[in-house]
Amino acid sequence: MLLAGDIGGTKTLLGLFNPDPARPDRITTRSFSTPDYADLASMIDEFAGDSTVDQASIDRACFGVAGPVIGDTAQLTNGAWKVDGRNIAARFGWARVDLLNDLQAMAYGVTVLGESEVRVLQAGDPARGGNVALIAAGTGLGEALLHEVDGRLIPSPSEGGRADFAARTEREIRLLRALVASHGRASVEHVLSGPGLVNIHRVMHAAPCAIVEGVDRPEDLPAAITSAALERRCPACAETLDLFVEAYGAESGNLALRSVSTGGLFVGGGIAPRILPALTDGRFIRAFRDKAPFEALLAAVPVKVILNSETGLLGAAVFAARR
Ligand SMILES: [Zn+2]
């Protein structure tokens, strides 16, 4: 039996799996509020204390962590935790504990997703032996590549979300100027993330927005803006989402070009499933393909939105099962 985890600054998922290398079989999962626990060991204690979990049957573990992984340790970017794989292994008597970057874990999950777990934005014409790419906007922006090597897809992490935002339209140039003025530079994550939606909103709204004035907690702002946009309750909120979707498509196209991901591009993260009507109306794919003279190459790339919100957890389990 193996224990898998998807550790984020606000939420952590832990799950127990049977280690089938083809696709680990989920036995039980549980969601925890990360800041409520001093460290990972105390969270595992509580999870394993649950009567449905047979702690003695666990022999290995893998955790995807939302932060950089260096050797056997990982530091949460938006949280106090430092995870030490060796300490966890020693404390629980497990043969091995692996740590992955959260996007790298999600990339392992992508390799086993079924058709019912994705929504196709573009069917394309996948090339045999092509690379695959993953982009995921949520609290931040993650990007990962899956390199095809001798018939296997090998995920590799990146910090592409912190690369420069490439503005293409007058509207995006206006946003770029505002971001440079407020942040010193404009990274893609300043646009494509929950906080990014709030940044765009600030620039698109000439007049105060009634939607935003009614929201108390800053973390609730992105969802308030996207629902106002999807329900057409505020024209400037709608323009905010419009810019977000176009920029998301354009950056996905950039990622596909950089990785030559003729095997497919997956759109993960928490935002995409919430704005599906805006992603499926053609704007995303138009911006994705708008890379002359490479429109044909990009039109052939299958583009899919990940609907399974536990893909990162599943990926950590895939990694542990295949070790
Ligand atoms: Zn508004």
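Predicted model: local features only at pLDDT ≥ 70, side-chain atom pairs only at ≥ 80, totals over all residues.
1. Strand E8, which spans residues 96-101, is mostly covered, in that five of its six residues are buried, where buried means under 20% relative accessible area, exposed over 50% and partly exposed in between, with a 1.4 Å probe and protein chains only.

2. Residues are numbered from 1 along each chain as its sequence is written, and side-chain values use heavy atoms, with hydrogens and water left out.

3. Strand E4 (residues 60-65) runs parallel to E8 and is joined to it by six bridges, two strands being paired if DSSP finds at least two bridges between them. Within this pairing, Arg 60 stands opposite Arg 96 in E8.

4. The zinc ion has as its protein donors His 205 (NE2), Cys 209 (SG), Cys 234 (SG) and Cys 237 (SG), which lie 2.2 to 2.3 Å from it; donors are N, O and S atoms within 2.8 Å of the metal (3.2 Å for Na, K and Ca), and because water is not among the atoms, sites may look incomplete. The arrangement is tetrahedral because the four donor atoms subtend angles of 93 to 130° around the zinc ion, the criterion for four donors being that all angles lie between 85 and 135 degrees.

5. Along the chain, the zinc donors follow the spacing H-x3-C-x24-C-x2-C. Cys 209, in the loop between H5 and H6, and Cys 234, in the loop between H7 and H8, are 25 residues apart and link distant parts of the chain. Cys 209 is buried, with a relative accessible area of 6%, and Cys 234 also counts as buried, at 10% relative accessibility.

6. Helix H7 (residues 221-230) is mostly covered, with seven of its 10 residues buried, among them Leu 221, Ile 225 and Ala 229. The elements covering these buried residues include H5, helix H6 (210-213) and helix H8 (235-259), contact meaning heavy atoms within 4.5 Å. After H7 comes Arg 232, whose phi is positive, near 55°.

7. Ser 187 is placed in the loop between helix H4 (170-183) and helix H5 (194-204), and counts as buried because its relative accessibility is 3%. Leaving aside neighbours within four places in sequence, Ser 187 is in contact with Gly 161, Arg 162, Ala 163, Asp 164 and Phe 165.

Terms used
Helix = DSSP H or I, 4+ residues; strand = E, 2+ residues; numbered from the N terminus. Tetrahedral: all angles 85-135°; square planar, octahedral: opposite > 155°, others 65-115°.
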